[in-house]
Amino acid sequence: MAKNIYVGNLPWSSTEEEVRAAFEAYGEVYSVKLINDRETGRPRGFGFVEMEDQGALEAIENLDGSDFGGRNIKVNEARPRPERPRW
């Protein structure tokens, strides 16, 4: 089964390919999604990586707090988005 990983404090210049390369050192990466601002289209500095379970645990342990593009990134297991009321 795949785990979804939150990656925060990314440099705005980061690409999906760079993030994929960093995580592939720990296992198979299924997908990478960097989040952009809806209005401006500019990167928001965080994203999500989906990868196989064992590799995900190793990636979280080894990459959390590590330097990526000059910034210390935050890496942990993604939590499901809370339900918000629709008005």
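Trainee: What should I know about the model before we start?

Mentor: It's a predicted model, where local features need pLDDT of at least 70, side-chain atom pairs count only at pLDDT 80 or more, and totals for chains, interfaces and linings use all residues. Residues are numbered from 1 along each chain as its sequence is written, and side-chain values use heavy atoms, with hydrogens and water left out.

Trainee: Which residues does the "domain: RRM" annotation cover?

Mentor: Residues 3–80, according to an unreviewed UniProt entry; such annotations may be inferred rather than shown by experiment. Over that stretch the chain is 26% helix and 41% strand, with the end C-alpha atoms 12 Å apart. Helices (H or I, at least four residues) and strands (E, at least two) are DSSP runs, numbered from the N terminus.

Trainee: Why is the pair of Tyr-6 and Phe-46 called tilted?

Mentor: Start with the rule: rings of Phe, Tyr and Trp (its six-membered ring) pair if their centres lie within 6.5 Å; planes under 30 degrees apart count as stacked, over 60 as edge-to-face and the rest as tilted. By this rule the count comes to 3 aromatic pairs. For Tyr-6 and Phe-46 the centres are 6.0 Å apart and the planes sit at 35°, so the pair is tilted. Tyr-6 belongs to strand β1 (residues 2–8) and Phe-46 to strand β3, so the pair ties together parts 40 residues apart in sequence.

Trainee: And what makes Phe-46 and Phe-48 edge-to-face?

Mentor: Their ring centres are 6.1 Å apart and their planes are at 85°, so edge-to-face it is. Tyr-6, Phe-46 and Phe-48 form one aromatic cluster.

Trainee: What puts Arg-42 over the face of Trp-12?

Mentor: A charge sits over a ring if NZ of Lys or CZ of Arg is within 6 Å of the ring centre and within 35 degrees of the ring normal. Arg-42 lies over the face of Trp-12, at 5.5 Å from the ring centre.

Trainee: What makes something a cavity rather than a pocket?

Mentor: On a 1 Å grid over the protein atoms alone, a cavity is a set of points where a 1.4 Å probe fits but cannot get out, while a pocket is an open set with protein on both sides within 12 Å along at least five of seven lines; lining residues have an atom within 4 Å of a point. A volume is the space filled by probe spheres set on the points, which are joined across faces, edges and corners.

Trainee: Which residues are closest to the centre of the largest pocket?

Mentor: That pocket has about 380 Å³ of space. Of the 13 residues that line the largest pocket, the closest to its centre are Ile-35, Arg-44, Phe-46, Phe-48 and Arg-81. β3 gives the most here, with 3 residues.
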